[in-house]
Amino acid sequence: MAKLRKMLGKADDAEIVTFMRQIETQSKTTLARWAADCAKNWYLPIAQAADPTDCLSHLLDTVQACLEGKATQKQLKEQLREGRGLAQRMTEPAVQAAARAIVTACGVLQTPTNALGFCFYGAAAAAYHELGLERSAVDYDSRARVEFERLSQTLKQVMVPDEADPVQVDWNC
């Protein structure tokens, strides 16, 4: 069995670089809404069984409230801290990766580069959840590519053409 990684994907892969260029064309708001929707629909079900407090679900609700102007960035920041702590305490790899994907997705509103990090965690969550924990690195990387394509396609569906305020990011990766 290969040593399991916290994240799957490499920032210098051609597909990921193209995905990064996609991200750069969108606003924080568009990216945050997209990331939170993906996290809620795909990764929350993986993590929910290990989250008896519903911390991750509440975090997703807070991001939505922030996007609607019904919650503050300060409230979001406090819940992000709590969510990171919860994710750290989770021990099952798929569940931990899913929790990290959710927390990172919820952080996009404050840190737009999280839009990429969330995808790396989400790819790990999907791969470990679907394939189990005894597969090869090649198998996990192959499943991760499928997840990146799915994430890229969903971003394309919600992208705003000629977005007025695209994010300014320094990827540092």
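Rings of Phe, Tyr and Trp (its six-membered ring) form a pair if their centres lie within 6.5 Å; planes under 30 degrees apart count as stacked, over 60 as edge-to-face and the rest as tilted. With that rule, a search of the whole structure turns up six aromatic pairs. This is a predicted model, in which local features need pLDDT of at least 70, side-chain atom pairs count only at pLDDT 80 or more, and totals for chains, interfaces and linings use all residues. Residues are numbered from 1 along each chain as its sequence is written, and side-chain values use heavy atoms, with hydrogens and water left out.

**The annotated domain**

- The UniProt record, an unreviewed entry, places the feature "domain: Imm-5-like" at residues 22–151. UniProt positions are given here in the numbering used for this model, feature names are shortened, and annotations may be inferred rather than shown by experiment.
- Over residues 22–151 the chain is 76% helix and 0% strand. Helices (H or I, at least four residues) and strands (E, at least two) are DSSP runs, numbered from the N terminus.
- The end C-alpha atoms of residues 22–151 are 11 Å apart.

**Aromatic rings**

- A pair of aromatic rings is described by the distance of the centres and the angle of the planes.
- Phe 19 belongs to helix α1 (residues 14–23) and Trp 34 to helix α2, so their pair ties together parts that are 15 residues apart in sequence.
- Phe 19 is buried, at 2% relative accessibility, and Trp 34 is buried too, with a relative accessible area of 3%. Buried means under 20% relative accessible area, exposed over 50%, and partly exposed in between (1.4 Å probe, protein chains only).
- The rings of Tyr 128 and Tyr 140 have centres 4.9 Å apart and planes at 85 degrees, so this pair is edge-to-face.
- Tyr 128 sits in helix α6 (residues 114–131) and Tyr 140 in helix α7, so the pair ties together parts that are 12 residues apart in sequence.
- Tyr 128 is buried, with a relative accessible area of 3%, and Tyr 140 is buried at 2% relative accessibility.
- Ring pairs also join Phe 19, Trp 34, Trp 42, Tyr 43 and Phe 118 into a cluster.
- Trp 42 has a charged neighbour: the charged end of Arg 150 sits over its ring, 3.6 Å from the ring centre. A charge sits over a ring if NZ of Lys or CZ of Arg is within 6 Å of the ring centre and within 35 degrees of the ring normal.

**How the helices pack**

- Two packed helices are described by the angle between their axes and the distance between the axes. Axes are lines fitted to C-alpha atoms, for helices over the stretch in contact, and angles run from 0 to 180 degrees between N-to-C directions.
- α2 (28–47) and α6 pack at an angle of about 20 degrees, with their axes 11 Å apart. These two helices are therefore roughly parallel to each other; angles under 35 degrees count as roughly parallel, over 145 as roughly antiparallel, 65 to 115 as roughly perpendicular and the rest as oblique.
- α2 passes α6 in a left-handed crossing. A crossing is left-handed if the near helix is turned anticlockwise from the far one by less than a right angle, and right-handed if clockwise.
- Helix α5 (residues 93–106) packs with α6 at an angle of about 160 degrees, with the axes 8 Å apart. That makes α5 roughly antiparallel to α6, and their crossing is left-handed.
- The axes of α2 and α7 come within 10 Å and cross at roughly 135 degrees. That makes α2 oblique to α7, and this crossing is right-handed.

**Contacts across the chain**

- Ile 16, in helix α1, is buried at 3% relative accessibility. Its C-alpha atom and that of Cys 119 are separated by 9.9 Å, although these residues are 103 residues apart along the chain.
- Arg 33, in helix α2, is partly exposed, with a relative accessible area of 34%.

**Positive phi angles**

- Most residues other than glycine have a negative phi.
- Asp 54 has a positive phi of about 60 degrees although it is not a glycine. Asp 54 lies in the loop between α2 and α3 (55–67) and is partly exposed, with a relative accessible area of 34%.
- Asp 162 has a positive phi near 50 degrees. Asp 162 lies in the segment after α7 (137–158) and is exposed, at 79% relative accessibility.
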